[in-house]
Amino acid sequence: MILSCQNICKSFIEKQVLRNVSFHIEDYDKAAIVGINGAGKTTLLRIIVGEMAADEGMVTVSKDKSFGYLAQHQSVDTENSIYGELLTVKQDLIDLEEQIRDTELLMKAAQDAELEWLMESYAQLTHRFESGGGYSYRSELTGVLKGLGFTEEEFDKPVSTLSGGQKTRVALGKLLLQKPDLIMLDEPTNHLDMSSISWLETYLMNYKGAVVIVSHDRYFLDRIANKIVEIDQTKASVFTGNYSDYAVKKEQLRAAQLKAYLNQQQEIKHQEEVIAKLKSFNREKSIKRAESREKMLDKVERLEKPTQARTDMHITLEPKCVSGNDVLHVENLSKAFGPLELFRDIGFDIKKGEHVAIIGDNGTGKTTILKIINQLVPADGGTLRLGANVQIGYYDQEHHVLHMEKTLFEEISDEYPAMNNTEIRNILAAFLFTGDDVFQRIGDLSGGERGRVSLAKLMLSESNFLILDEPTNHLDIASKEILEDALNGYTGTVLYVSHDRYFINRTASRILELSGNTLTNYLGNYDYYMEKKQQFAENAALSGSSSVSGVPSPAAEKESETKRNWKEQKELQAKQRKRENDLKRTEERIEALEQRDGEIDIQMARPEICTNVAKLQELSKEKEQIAAELEQLMERWEELEAGE
């Protein structure tokens with residue numbers, strides 16, 4: 001065991017953040033700390049590394065074990081270059097290298113005993129240098145910098161001139177090169193693009209020490225974590241497995257806890273009714289029995305009601321009108337900023353009902369494409385045409401669609417003047433803005449809060465073509481899942497840019513990869529995209545040069561694959577839409593039957609009905625028919641939900 005946390009407690013003023021949090025990390029564990037925003041994840045990390053004191057409890061790190069910590073925001077103030085700053089981690093090897101060179105010079109002039117002593121010293125120095133990775137540390141350093149997204153041209157840039165995100169990447173690089181026994185990372189993927197995140201995943205999976213990560217990147221956690229520490233309502237629970245394993249176990253546990261809670265509540269209610277009835281008899285024996293039952297009831301340890309799954313934010317996306325089948329046509333689109341060419345002669349079509357994700361490294365022009373479609377940035381060349389009855393709803397990651405000087409209430413009321421005060425407050429409450437929150441200025445909100453306001457406006461727009469730029473930025477995992485469900489239930493068309501691979505996997509039916517100034521089409525979600533990329537890489541490795549072997553190039557294979565699978569993909573999408581429609585109709589029928597069943601119960605309790613034998617038989621027969629149909633519908637619902 002490398003780390004032990006025992007009964008950690010922490011409060012800020014009157015708010016308890018952590019209560020009796022206990023868990024341990026083994027030497028080679030890859031653990032993730034998860035929880036909603038504000039749950040206390042970063043606070044827990046800061047307590048572990050000693051930046052903050054716990055009110056109670058103990059943190060123990062094994063003797064002779066080192067640890068390194070990367071906070072969300074790093075202040076790396078130095079005039080060193082990027083390469084030079086990472087080189088400081090290897091100062092011991094640089095010093096050894098200098099000693100070896102000095103010893104070599106001394107050996108040239110030495111003789112006899114002095115030479116023998118120098119040769120022995122030289123052997124020791126070279127052994128230490130070699131065992132410490134002296135012959136490979138520069139290539140290792142270069143590999144880390146490139147893996148984190150720095151190009152060789154940037155290596156000589158002074159760290160002081162970098163952005164906050166770039167400085168965080170420099171700090172991450174230094175930490176990885178230090179190779180502590182325990183690495184602790186707070187949101188390490190925030191400033192990385194997809195290729196850098198993928199590199200970091202591989203690096204951490206193969207890391208010889210232990211890793212503790214706080215992250216909202218579920219795909220990242222799925223690939224790395226073998227243990228999940230959940231912080232929920234100040235308490236910690238430990239789950240084995242990756243994030244997906246945790247999500248399944250968590251839902252099972254929540255369902256079991258809810259069932260136990262409801263059963264206990266039912267029993268308590270029953271006992272209270274019995275006690276009230278016994279007391280109503282007003283006889284000595286019945287009163288004693290009632291008192292006995294009351295004492296037993298007082299001794300019952302009351303179960304807490306478990307937190308509801310994803311009920312904090314409510315999003316319903318539904319188009320006001322249906323668009324034509326052709327939603328967007330883009331042809332020969334080009335854009336450059338000065339000498340920097342982002343893309344050239346790209347083209348694609350978006351059809352009604354498609355959910356299309358644009359992916360690619362930072363700086364390739366993904367957001368620019370969305371801005372061109374929304375006429376916020378002019379294209380250098382090409383044509384862009386929207387289809388019939390297309391109404392765009394735009395979510396901007398920089399929230400330029402919001403007015404910083406307005407209050408939340410004004411932001412909604414000015415855009416939708418037909419809504420009354422109660423309707424506006426209800427909408428804002430659905431996105432967690434209640435009471436006086438609605439009178440806050442947009443400019444005073446956090447990034448996550450502005451994101452929720454933008455989502456509220458998106459929901460109200462009732463558009464049939466949603467264009468989203470990094471919609472999951474600043475959202476916690478629960479809010480991301482709510483948004484995913486809303487998009488999956490949306491009957492309109494979606495085009496979005498995202499780095500969130502889990503989100504893409506759950507919501508995309510097609511992927512457009514922007515790389516090397518061109519777009520490549522993949523008919524499937526992120527897992528499908530990765531599978532095809534792997535196939536292309538293997539084919540390229542086997543064929544060598546396609547021009548020599550006659551094997552089609554990866555680009556040609558992609559095009560061929562696209563053509564072969566287009567019809568198949570459309571059929572799959574049609575089946576998926578039919579399944580979703582069947583599921584919706586089944587749920588509506590179940591709801592209608594359950595409502596009717598409740599109405600019958602009310603009818604049967606009425607005096608004029610309960611004395612009418614014929615009417616009672618008629619209603620009882622209807623209840624039996626409803627029960628039989630409900631049983632069939634429940635079975636059908638389970639089949640549809642499982643995708644059968």
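Predicted model: local features only at pLDDT ≥ 70, side-chain atom pairs only at ≥ 80, totals over all residues.

Student: Why is Gly 35 called buried?

Tutor: Buried means under 20% relative accessible area, exposed over 50%, and partly exposed in between, with a 1.4 Å probe and protein chains only. Gly 35 has 15% relative accessibility, so it counts as buried. It lies in the loop between β3 and α1 (41-49). Its C-alpha is 8.0 Å from that of Asp 476, although 441 residues separate the two in sequence.

Student: And why does Leu 633 count as buried?

Tutor: Leu 633 counts as buried because its relative accessibility is 14%. Leu 633 belongs to helix α21 (residues 613-641), and its C-alpha is 6.8 Å from that of Ile 590, which is 43 residues away along the chain. Over the chain of 644 residues, 44% are buried.

Student: How do you know that α7 has the span expected of a helix?

Tutor: The expected span is 1.5 Å times one less than the number of residues. Helix α7 (residues 194-205) has 12 residues and reaches 16 Å from first C-alpha to last, close to the expected 16 Å. Its buried residues include Met 194, Ile 197 and Leu 200.

Student: What makes β7 a mostly covered strand?

Tutor: In β7 (residues 210-214), 5 of 5 residues are buried. In a regular strand the side chains alternate between the two faces of the sheet. Here Ala 210, Val 212 and Val 214 sit on one side, Val 211 and Ile 213 on the other, and both faces are covered.

Student: Which strands does β7 pair with, and how do you know?

Tutor: Pairing takes at least two DSSP bridges between two strands. β3 (residues 30-34) and β7 share 4 bridges in the parallel sense, with Ala 32 partnered by Ile 213. β6 (residues 182-186) runs parallel to β7 with 5 bridges, and Asp 186 stands opposite Val 214. Both pairs therefore meet the two-bridge rule.

Student: Why is the unit of β6, α7 and β7 given a handedness?

Tutor: With the strands pointing away from the viewer, a crossover is right-handed if the path from the first strand over the helix to the second runs clockwise. β6, α7 and β7 make a right-handed β-α-β unit.

Student: How is the lining of the second largest cavity split by class?

Tutor: Ala, Val, Leu, Ile, Met, Phe, Trp, Tyr, Cys and Pro count as nonpolar, Asp, Glu, Lys and Arg as charged, and the others, Gly among them, as polar. The lining has 3 nonpolar, 3 polar and 2 charged residues.

Key: Residues numbered from 1 in each chain as written. Heavy atoms only, no water.
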